[in-house]
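Work through the exercises below with the model open beside you. Try each task before you read its solution.

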Amino acid sequence: MQELPNTIHPTGVTRPPLPVRVQFNPKQLRSLTTAVFIFISGGMSLAQSVGWSNTISDRHFFYSWFIAVAIGALVSILLAYVLPKKFIMAAASVLTLAGGIIFTSAPRNMDALVAARYLNGLAVGLATVTYLIYASELPRNRIRGVCLGLEQFSLSLGIAIQMITSSQWSATSNFSANCLHGILDIILAILAAGSLVYFIESPVDYIRWSNDTAALECLSQLQPVPSINMDTNRRLDELKEYVQEQENMSPQELLQHSVVPLIKMIFLRSMLLSFTYSAILTSLLLFTSVVVGISWTPILAGCLRMFGSAITLIVVDNLARKIPAVVWLLIMGGLMIPMAGIINNSMNLLNTHKMSTVVSIWICIQFFAGLYSPIGSTFMGEAFPLRTKSFCIAFCVILEQIVQIIIISQVSIGSDGSLMVMGVMIVVAAALCVITIPETKKTSLREAQQRFTNLFNFKMF
């Protein structure tokens with residue numbers, strides 16, 4: 001087996017060489033945990049926003065979190081220029097904690113609950129843009145997909161928690177359900193804040209600030225044993241080359257490298273993630289569950305979505321990204337279209353057999369949505385050039401929230417055709433993915449971004 005050069009610990013003790021297979025060490029994982037805890041809390045609030053909130057029916061309650069995420073994403077662009085990423089994550093942890101305290105202390109006050117949801121949304125908006133940039137720059141090329149995909153896995157975990165707790169609580173127990181939600185937010189916020197001691201700043205930021213010494217120290221801290229060796233210096237040279245190339249782009253090149261990937265990500269991230277987990281789908285499941293007379297569906301659907309995301313974390317860096325994304329999108333669209341066909345016939349709405357079929361399809365859609373969502377985050381972190389990455393990611397995140405708000409305002413069960421349109425758009429997006437999305441497994445961040453710049457990418461591997 002090929003081995004890395006001997007490393008020298010700061011104490012002067014020579015350590016034995018490390019095998020190349022050591023790719024994802026605990027220090028890299030710990031650097032990402034702050035955002036993971038925030039996203040679990042965000043997943044719970046996202047599930048609330050699309051209808052998993054017991055008997056609450058206030059539209060502002062549902063809109064508020066999406067509005068706040070959009071605001072947080074916008075603010076993150078400004079903060080990124082004046083604050084290190086660690087301070088942004090710290091602010092997000094504090095906002096999550098404040099929202100949890102309000103949920104726990106005022107579970108019956110709707111105005112207080114809405115305020116808490118604004119705070120949580122701001123935290124998630126700040127963390128999302130910051131994390132997708134950070135997780136694309138920090139890890140090695142061979143594990144970048146896992147690191148970026150953790151965002152959606154964490155959201156899926158939070159979604160599962162909220163779906164299970166809200167569906168199993170009695171309709172008269174909003175008070176207790178809100179208290180539990182707040183307590184979980186407090187616990188997650190404390191864990192997020194505590195994990196900041198392990199947070200390591202992105203070496204790319206220090207290189208942009210012409211501080212190569214600090215960048216090299218960051219890379220050293222990411223080693224299983226803190227050290228500066230040939231591999232560390234090679235990684236620094238690779239990042240310096242990437243930053244230099246990105247910083248030297250002309251305005252025309254920057255526009256060209258930004259617009260094409262942005263259009264792709266609007267469809268593959270902003271629209272598709274909203275379509276596969278929305279208020280329309282929640283209303284449909286709640287309605288069909290009553291008709292069929294079952295209560296365990298949300299438990300199975302939430303767990304399968306989380307399980308699907310976990311599978312993708314294994315697949316995304318070891319097998320492929322493009323082919324799984326295409327297959328899973330085709331399956332989701334192929335399932336949503338017949339489901340829409342059943343629902344659009346009003347004669348089927350009280351048919352127990354037909355509604356049982358709809359429930360089964362709904363569960364399958366959530367499983368494949370869980371499979372797809374981490375790949376969407378991986379592509380998002382890789383698609384944009386360095387100088388415009390924060391703007392483009394924030395735009396996609398904001399648009400995703402706008403789509404969700406529009407869907408909430410149009411919620412209905414029956415023949416309005418919304419589900420059919422969503423299903424067709426998912427199938428079309430899968431077809432476009434075949435010819436436009438590149439395979440970026442084990443490529444450098446520089447090469448991945450260059451591939452996204454090309455309008456057409458026909459290679460499947």
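**Exercise 1. Is cysteine 218 buried or exposed, and where is the nearest cysteine sulfur?**

Step 1. Cysteine 218 counts as buried because its relative accessibility is 6%. Buried means under 20% relative accessible area, exposed over 50%, and partly exposed in between, with a 1.4 Å probe and protein chains only.

Step 2. Count the disulfides, each a pair of cysteine sulfur atoms within 2.5 Å. The count comes to zero. Cysteine 218 is therefore in no disulfide; the nearest cysteine sulfur belongs to cysteine 147, 15 Å away.

Step 3. With a relative accessible area of 33%, cysteine 303 is partly exposed.

A note on the source: this is a predicted model, in which local features need pLDDT of at least 70 and side-chain atom pairs count only at pLDDT 80 or more, while totals for chains, interfaces and linings use all residues. Residues are numbered from 1 along each chain as its sequence is written, and side-chain values use heavy atoms, with hydrogens and water left out.

**Exercise 2. What span should helix 1 have, and how far apart are its end C-alpha atoms?**

Step 1. Find the helix. Helices (H or I, at least four residues) are DSSP runs, numbered from the N terminus. Helix 1 covers residues 26-49, which is 24 residues.

Step 2. Work out the span. The rule is 1.5 Å times one less than the number of residues. For helix 1 this gives 34 Å, and the end C-alpha atoms are 34 Å apart, so the two agree.

Step 3. Look for a bend, the angle between axes fitted to the seven residues ending at a residue and the seven starting there. At threonine 33, helix 1 bends by about 40 degrees.

Step 4. Check the cover. Lysine 27 lies in helix 1 and counts as buried, at 19% relative accessibility. Lysine 27 is 197 residues from proline 224 in sequence, yet their C-alpha atoms are 6.9 Å apart in space.

Step 5. Go just past the end. Glycine 51 takes a positive phi of about 120 degrees there.

**Exercise 3. Which residues lie nearest the centre of the second largest pocket?**

Step 1. Set the rule. On a 1 Å grid over the protein atoms alone, a cavity is a set of points where a 1.4 Å probe fits but cannot get out; a pocket is an open set with protein on both sides within 12 Å along at least five of seven lines; lining residues have an atom within 4 Å of a point. Grid points are joined across faces, edges and corners, and a volume is the space filled by probe spheres set on the points.

Step 2. Apply it. The second largest pocket has a volume of about 340 Å³. Its lining holds 19 residues, and Ala80, Tyr81, Lys85, Asp205 and Arg208 lie nearest the centre.

Step 3. Trace the lining. Helix 3 (85-105), helix 4 (110-137), helix 7 (203-208) and helix 15 (389-409) each supply at least two residues. Helix 4 gives the largest share, four residues.

**Exercise 4. How many cavities of 30 Å³ or more are there?**

Step 1. The count is four.

Step 2. The largest cavity holds about 190 Å³ of space. It is lined by 18 residues, and Leu46, Gln152, Leu155, Glu400 and Gln401 are the closest to its centre.

Step 3. The second largest cavity has a volume of about 90 Å³. Its lining has 14 residues, with Asn54, Gln162, Thr165, Ala177 and His181 nearest the centre. Helix 6 (174-194) is among the helices in that lining, and its six residues are the largest share.

**Exercise 5. Where do serine 210 and lysine 442 lie?**

Step 1. Serine 210 is in the loop between helix 7 and helix 8 (212-221). Its phi is near 60 degrees, a positive value in a residue other than glycine. Serine 210 is exposed, with a relative accessible area of 66%.

Step 2. Lysine 442 sits in the loop between helix 16 (418-436) and helix 17 (445-453). The phi of lysine 442 is near 60 degrees. At 47% relative accessibility, lysine 442 is partly exposed.
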